[in-house]
Amino acid sequence: MSLEDKLSKIKYEPDTVSHLRPDQEKCKTCKKKICTYVCPANVYEWIEDEDKLLVKFENCLECGACRIACEKKCIEWEYPKGTKGVTFKNG
Amino acid sequence: MSENKTEVIVVGAGPAGIACAVKIARSGHKVILIERGKFSGSKNIFGGAIYAQPTREIFPDFEKTAPLERKNVEHKYAILGEYDGTVVSYTNKHELPVSYTVLRGKFDRWMAEEAKKEGVILVEETVVRELIVKDEAVVGVKTELEDYYADIVVLADGVNSLLAKQIGLREDLETKDVAVSVKEVFKLPKEKINDRFHLNDDEGCIYEIFGGSMLGMLGLGFIYTNKESVSIGLGVTLDEFEKHKTKPYELLDKLKQHPVIAPLIKDGELLEYSAHLIPEGGYKKIPTIVGAGVMVVGDAAMLVNNFHWEGTNLAMISGKLAGETAVVALAKGDFSENSLDRYRIELEKSFVIKDLKTYRNLMDEIHLRKESFLKYYLERINMFFEMFISVNGVPKRKLFWDFIKNFIKNRSIKELFKDFFSVVKLLWSILIK
C-alpha cells in the first residue's frame with residue numbers, strides 16, 4: 001500500500017494557508033534535508049528544478065518531527081487552527 | 001479582564017491534563033481545560049495500553065463505563081532477525097489485568113466527558129498560541145480568539161510543548177532524545193483476532209518487537225489487540241532516518257512483511273495511519289517543570305519510561321500531583337514558584353521520577369552500544385536457535401563450537417568486554433545506585 005493510500009484513510013480538514021513555513025533561502029543551503037526523510041507523511045519534497053522545498057502541509061500529521069530534525073532550525077512550525085488539521089479516531 | 005479570569009487553566013486534554021483538571025474541580029475550584037483538537041483524544045496517539053492502577057487513582061470506577069478494548073493477559077517479546085524470530089511469551093489470565101488496550105479517540109474523549117461531569121469546563125477546538133507573562137509570572141494564555149487569565153496555568157500540551165519552550169522552561173529537543181512513531185490500525189473480525197493471538201473473549205495480547213526492519217537502529221515495534229482491530233507500529237529515534245536513508249513508514253511496511261508478523265495482520269483492512277513523537281530522553285532531559293504561575297505535566301515534561309513502555313500512567317500521576325499542588329496553592333493564595341514547587345517535590349517522591357532516575361543511564365548506553373544490543377545479540381539469539389534445531393548430519397559438538405567461534409570471531413573481545421561492562425554499569429545503576 002502506498003503512502004498516499006494510507007493518508008487517504010485519515011480524516012483531515014486542511015487549512016488554506018500552511019502552518020509549516022520553512023525559510024526557503026536556508027533550505028537552498030541545506031545539504032542533508034533531513035525533513036525529506038523523517039516526515040511520516042512525506043510532507044517535504046525537494047524540487048531540484050525549482051530549487052525549492054515543496055510543503056504538502058495538508059498531509060501533515062502534526063507530529064513535530066521536522067521541527068526538531070531540521071538542521072537549519074528554519075521551519076516555522078505551529079499547530080493548525082483549532083478547527084483544522086488531522087483528526088485521529090484510533091490513536 | 002475579570003470575566004476572562006479563572007483559577008486554573010490547563011492546556012491540553014490528554015491523560016495528564018484531564019487528571020490535573022479533575023483533581024482541581026473535585027476540590028471545588030474553577031478550572032478550564034483547553035484542547036486544540038475537535039475532541040479530546042483526536043490528536044493523540046500511543047501504542048497502546050492504559051494502566052489500571054494509575055487510572056483508578058483518577059477515575060476509581062473507570063472499568064465499569066470507560067470504552068476499553070481488551071484486558072491484556074499476554075505479553076510477547078519478539079526478537080526478530082532479517083527473516084527469522086524468537087518469541088518469548090508471558091501469559092497470566094489469573095490476576096486482575098494490569099493494562100487495557102484503548103483507542104485514544106474514544107478513551108480520552110470519555111475521560112474528558114467524565115471531567116466535565118465533575119465541573120471541569122472543557123473548551124475544544126482552541127489552540128493556545130502563547131502564554132501571557134507578567135512580572136516574570138505566567139498569568140494567562142492567548143488563544144486564537146481571546147486572552148484568558150488564571151492564577152495558575154498547567155502545561156499539558158504534549159511532547160512538542162511549544163509553550164514550555166516559549167517561557168524558557170525547556171530547550172529544543174535533540175534528535176536523539178525523541179522518537180517518531182508510526183502506527184497502523186487494521187480492522188479484523190473478533191474471532192480472527194482471538195484465533196491468531198490465542199485469546200478468549202475480551203482478552204488482549206501485546207507484542208514488543210526488537211530488531212526486524214529496525215536491526216541496529218534505536219527503535220522498537222509493537223502490536224496491540226483491540227476489540228475488532230489490531231494496532232501495529234514502531235518508534236525509532238529521529239537521528240536514525242537520515243543515517244539509514246529510510247522513512248518511518250518504510251520501516252513499518254518492512255516490519256509488516258516479516259514472516260513472524262505478517263500472518264497476524266493478514267487480510268486486515270487499514271482503518272487509520274497515524275504518527276506521533278515519543279520523548280525518549282529520560283531523567284536527564286526532564287525540563288524545568290515549575291515556574292511562577294506555571295507547572296508542566298505529562299509528555300510536555302518528558303515523563304516517559306521507555307524501557308517499560310509507560311507514559312500515560314506517568315502523565316496521569318504527574319497531572320494528579322500538579323492538580324493537588326494547585327489546590328494547596330489556591331487555598332494559600334500563593335502562586336509563586338516557591339509555592340508550586342510542591343509539585344516537583346511530590347513528583348520526586350513518587351515512582352515517576354524514581355523510575356526515570358533508575359533508568360537515567362539507559363538511553364546513553366543503548367545509543368553507544370546499539371550495534372550490540374539492538375543488532376548483534378538479537379541476531380545471535382536467532383542464530384542459536386537456528387543452530388539448535390538444525391538436523392543436517394553435522395555432529396552437535398561441532399555445531400556448538402562453530403556457534404561459539406563465530407560469536408567471538410564476529411565481535412572482537414574488546415567489544416564483548418565493552419558490552420559486558422555496559423550491562424554491569426546499567427544493572428548497577430538500576431539495582432543499586
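**Figure legends: charged side chains and domains**

The C-alpha centres of domain 1 and domain 3 of chain B lie 43 Å apart. In this predicted model, local features need pLDDT of at least 70, side-chain atom pairs count only at pLDDT 80 or more, and totals for chains, interfaces and linings use all residues. Residues are numbered from 1 along each chain as its sequence is written, chains are lettered from A in the order in which they are written, and side-chain values use heavy atoms, without hydrogens and water.

**View 1. Domains of chain B.** Domain 1 comprises 5–67 + 102–170 + 287–357, domain 2 covers 176–279 and domain 3 covers 362–431. These bounds come from an automatic or database domain assignment.

**View 2. Lys38(B) and Glu13(A) form a salt bridge.** The N to O distance is 3.4 Å; a salt bridge is a side-chain nitrogen of Lys or Arg within 4 Å of a carboxyl oxygen of Asp or Glu. Lys38(B) is partly exposed, at 24% relative accessible area, and Glu13(A) is partly exposed at 32% (buried is under 20%, exposed over 50%, partly exposed in between; 1.4 Å probe, protein chains only).

**View 3. Lys43(B) forms a salt bridge with Glu62(A).** The closest N and O atoms are 2.9 Å apart. Lys43(B) lies in the loop between E2 and E3 of chain B and Glu62(A) in the loop between E4 and helix H4 (65–69) of chain A, so the pair joins two chains (helices, H or I, have at least four residues and strands, E, at least two, as DSSP runs numbered from the N terminus). Lys43(B) is buried, with 7% relative accessible area, as is Glu62(A), with 6%.

**View 4. A salt-bridge network in chain B.** Arg369(B), Arg411(B), Glu415(B), Lys418(B) and Asp419(B) are linked in this network.
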